[in-house]
Structures are given as structure tokens and as C-alpha cells.
Amino acid sequence: MGILWFGRARTLEDLNVKDLGKEQIRQEVEQDKMISRIRRAQDEYDGYLDAASEPYAGDAEIEVSAYKMDRVMKRKAAAENHLQQVITRIQVIDSTVDIFEQRKDLEKKGVWKVIAGMDEERLQEQLEVFAAERKEAQFDVNKIAELLHVDELDVRARRGTGYRRAKDAILTAKEIKRA
């Protein structure tokens with residue numbers, strides 16, 4: 001597959017800052033799309049909730065709305081998961097650009113050779129680790145050298161919603177409107 005989602009890139013030397021910039025723009029556009037999908041799904045969910053919680057809504061409308069709300073929340077969860085992947089990619093690209101900008105210092109410390117000599121899979125893992133660390137603290141040459149001993153980054157974005165939860169939300173909102 002290639003590192004950083006570039007099919008041809010197998011090592012850090014195969015990448016360049018210009019291509020990384022283009023990929024970052026593509027990822028930012030994808031991020032905007034996912035945010036829009038999430039907003040639309042939430043608006044749709046709220047619409048079903050509002051309509052089904054009206055005092056005149058019957059059992060059939062409540063059942064159908066709960067089913068539709070469940071489907072909408074699944075779409076929203078999928079968009080949120082994809083958004084998390086996009087955000088991770090953007091962070092990895094940012095940290096990779098930082099590494100290129102610090103190349104001379106990394107070469108002086110002998111760290112560049114280590115990074116450049118990594119196989120494709122290991123390099124991808126390390127770039128993800130660098131991105132996570134960059135997110136939490138100042139990212140510098142010493143931190144990169146220190147992080148080379150870290151093996152994994154675990155990024156998970158799971159969220160489940162179901163029919164019963166949607167139906168309960170409708171019934172709760174309906175009770176509030178009646179009161």
C-alpha cells in the first residue's frame with residue numbers, strides 16, 4: 001500500500017513535502033465532508049425525535065421513527081469513525097512534515113538514518129506514534145529519538161446506538177412535551 005497512503009512510497013526518502021501538502025489538503029476536504037455528514041445525520045435524528053415525540057404520535061410512528069433514528073445514528077457513527085481516521089491521517093502528515101523540517105538536526109544525531117532505514121510497516125507505525133506524541137507535547141529531535149523505542153499506537157473510535165435507545169429518547173421527549 002505504501003506509507004502514508006502513498007502507493008509508491010516505501011521509505012521516508014520516497015516522500016516529499018509538496019506531495020504531503022497535497023495529501024493534507026485532500027484529507028482536510030474529506031474532514032469537511034465527514035463533519036457535514038455528521039451534522040446532517042444529527043439534524044435528521046433530531047427531526048425524527050421531534051416528530052415522534054409529539055403528543056399525537058401513535059405507536060406506529062414511534063416504532064418507525066425509532067427504526068429510522070437507529071439507522072441515522074449508525075450512519076453518523078460510521079462518519080465519526082471515518083472522521084477519526086481522517087484526523088489521524090492529518091496528524092501523521094503534520095508530524096511527517098515536522099520530521100522533514102528537522103532533517104538536519106536528525107541527521108546530526110544519527111536519527112535520520114534510523115528512520116530512513118525502517119521498513120514500510122515499521123515506518124508507518126512510528127509516524128503514527130510521532131503524530132500522537134506531537135498532539136500531546138512539543139515535538140522535537142530529542143522526542144523523536146526517545147520515541148523510536150515505542151512500538152504501537154492504538155486508535156479506536158467506537159460508538160454504538162440502537163433501536164431501544166432511540167425509542168427511549170422519543171418516549172422521554174414525548175413525556176416532556178406532554179408536561
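1. Some ground rules come before the details. Helices (H or I, at least four residues) and strands (E, at least two) are DSSP runs, numbered from the N terminus. This is a predicted model: local features need pLDDT of at least 70, side-chain atom pairs count only at pLDDT 80 or more, and totals for chains, interfaces and linings use all residues. Residues are numbered from 1 along each chain as its sequence is written, and side-chain values use heavy atoms, with hydrogens and water left out.

2. Start with helix H1. Helix H1 covers residues 17-52, which is 36 residues. From first C-alpha to last it reaches 52 Å, close to the 52 Å expected at 1.5 Å a residue. That expected span is 1.5 Å times one less than the number of residues. Residues buried in H1 include Asp19, Met34, Ala41 and Ala52. Buried means under 20% relative accessible area, exposed over 50%, and partly exposed in between (1.4 Å probe, protein chains only).

3. Next, the salt bridges. A salt bridge is a side-chain nitrogen of Lys or Arg within 4 Å of a carboxyl oxygen of Asp or Glu. The whole structure has nine. One joins glutamate 30 to lysine 33, with the closest N and O atoms 3.7 Å apart. These two residues are separated by about one helical turn because they sit three residues apart in helix H1. Glutamate 30 is partly exposed at 22%, and lysine 33 is partly exposed at 44%.

4. Another salt bridge links two helices. Glutamate 44 and arginine 75 bring N and O atoms to 2.7 Å. Glutamate 44 lies in H1 and arginine 75 in H2, so the pair ties together parts 31 residues apart in sequence.

5. Now look at lysine 76. Lysine 76 is buried, at 8% relative accessibility. Its salt bridge partner is glutamate 80, with the closest N and O atoms 4.0 Å apart. Glutamate 80 is partly exposed, at 22%.

6. The structure holds one aromatic pair.

7. Last, the largest nonpolar core. A nonpolar core is a set of buried Ala, Val, Leu, Ile, Met, Phe, Trp, Tyr and Cys residues joined through side-chain atoms within 4.5 Å. The largest one has 19 residues, and Leu12, Ile99, Trp112 and Ile115 touch the most other members. Helix H2 gives the most to this core, with five residues.

Terms used:
Phe/Tyr/Trp six-rings, centres within 6.5 Å; stacked < 30°, edge-to-face > 60°.
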